[in-house]
Amino acid sequence: MKNSIKAIEIKAFGGPENMQLVDKPLPVPGPGEVRVRLRAIGVNLIDTYHRTGLYPIPLPSGLGVEGAGEVEAVGDGIDLPVGARVAMTMALGAYAEAIILPAAALITLPDAVSFEQAAAILLKGMTVDYLFHDTFPLTGGETVLFHAAAGGVGLIACQWARHIGVNLVGTASTDEKCALAETHGAQICVLSGAQNLPEKLKALAPEGGFPVVYDSVGKDTYRLGLEVLAPLGTFASFGNASGAIEAVAPQDLAAHGSLNFTRPTLATYMAKPGWLQQSSAKVLQLVEDGVLSVEINQRYRLAEAQRVHEDLEARATTGCSIITP
Ligand SMILES: NC(=O)c1ccc[n+]([C@@H]2O[C@H](COP(=O)([O-])OP(=O)(O)OC[C@H]3O[C@@H](n4cnc5c(N)ncnc54)[C@H](OP(=O)(O)O)[C@@H]3O)[C@@H](O)[C@H]2O)c1
């Protein structure tokens, strides 16, 4: 075994050009830790927030938070077998050939789910799980608005909504993306640049407006969401693809009908005892059952990591993207 690994590192916040492929010593697991040889690395828009410093991280730092692979070495007190198939999410430094993690952070993979499928879907799938079943619990029959419906999280949300009998009205930036969202279960998808977008969406909403808007676009869609929500509706803000919402004024929430505004994060849910294992098992079961198909529409090598970020930020991707170490 080589005593070094390749990994992506940033020394300063900035553009994709700051991402460098470097050689690092092969990390050794300490007590309670495991070294995983990564076979597939998941790509998430949050990786770009870490790179730019929108979500600050201590520097220098690795990037990437998700992957799947095989246990290669274990520290004291861990009896996981070498070769066990595992996955991880919210594990900073996953753009690498291998990573060290606490054993408790690992998700065991069923044989029926490939490394690529797991790396592509777990973080995004668990996000849809909490959005639909915790943040604003859906019971079936609701009509909801979901922005960026053809993205990684978006295509999973379309399929999950269809599965639980929810009418998902999506938005996306091109006709092709809208068609993809509809194929995956959106009731209808509207162009985000359409003229009179608020009126178009209001016409698709139930009487009075949507009970919930799931918004990961942020700055560009915040005011729109307020306009199309029903009184007492919930604005679930879970991302910043267009930039962070600058300010939420209580008076605005009052004026649009006693609205609720919430800003949930996956990390908060993962910190709840038992939640990670329960939610990941649910997502993997939906994959095994064929309810969720994993759309890996872009593949890159580790040395091409800069291009992954350029494509994501240029809105040139659909579904999930994967890096192969
Ligand atoms: N809070 C959480 O727990 C959590 C967890 C996971 C993900 N997220 C958020 O969920 C969202 C989706 O994540 P993802 O990894 O699956 O990414 P993604 O949806 O595959 O990519 C982002 C999409 O956002 C849309 N977008 C709108 N305005 C944009 C802009 N100015 N620049 C770039 N993209 C823009 C684009 O779709 P169109 O071209 O169709 O507009 C783009 O494809 C992200 O905002 C992410 O931060 C949040």
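The model is predicted: local features need pLDDT of at least 70, side-chain atom pairs count only at pLDDT 80 or more, and totals for chains, interfaces and linings use all residues. Residues are numbered from 1 along each chain as its sequence is written, and side-chain values use heavy atoms, with hydrogens and water left out.

**Stop 1: Asn240.** Select Asn240, in the loop between β13 (229-237) and α7 (250-255). Helices (H or I, at least four residues) and strands (E, at least two) are DSSP runs, numbered from the N terminus. Asn240 is buried, at 9% relative accessibility; buried means under 20% relative accessible area, exposed over 50%, and partly exposed in between (1.4 Å probe, protein chains only). Leaving aside residues up to four places away in sequence, Asn240 touches Tyr49, Leu54, Tyr55, Ser216, Val217 and Arg263. Contact here means heavy atoms within 4.5 Å.

**Stop 2: the two domains.** Next, colour domain 1 (4-121 + 281-324) and domain 2 (140-263) separately; these bounds come from an automatic or database domain assignment. Their centres, taken over C-alpha atoms, are 29 Å apart. Domain 1 gives 18 residues to the contact and domain 2 gives 17.

**Stop 3: the contact between the domains.** About 1300 Å² is buried between domain 1 and domain 2, and carbon and sulfur atoms give 62% of this area. Buried area is the accessible area (1.4 Å probe) that two parts lose on being put together, summed over both. Select Val291, Leu292 and Arg315, which supply 28% of the area that domain 1 buries against domain 2, more than any other three residues. Between the domains there are 10 residue pairs in polar contact, with both residues at pLDDT 80 or more. On the side of domain 1 that touches domain 2, α1 (45-52) and α9 (275-288) are the elements that give two or more residues. The largest share, three residues, comes from α9.

**Stop 4: Arg37.** Finally, select Arg37 in strand β3 (residues 33-42). Is Arg37 buried or exposed? Arg37 is buried, with a relative accessible area of 15%. The side chain of Arg37 makes a polar contact of 2.8 Å with the side chain of Glu72.

Terms used
A polar contact is a pair of N or O atoms within 3.5 Å; within protein, one must be able to donate a hydrogen and the other to accept it, and residues adjacent in sequence count only if both atoms are side-chain atoms.
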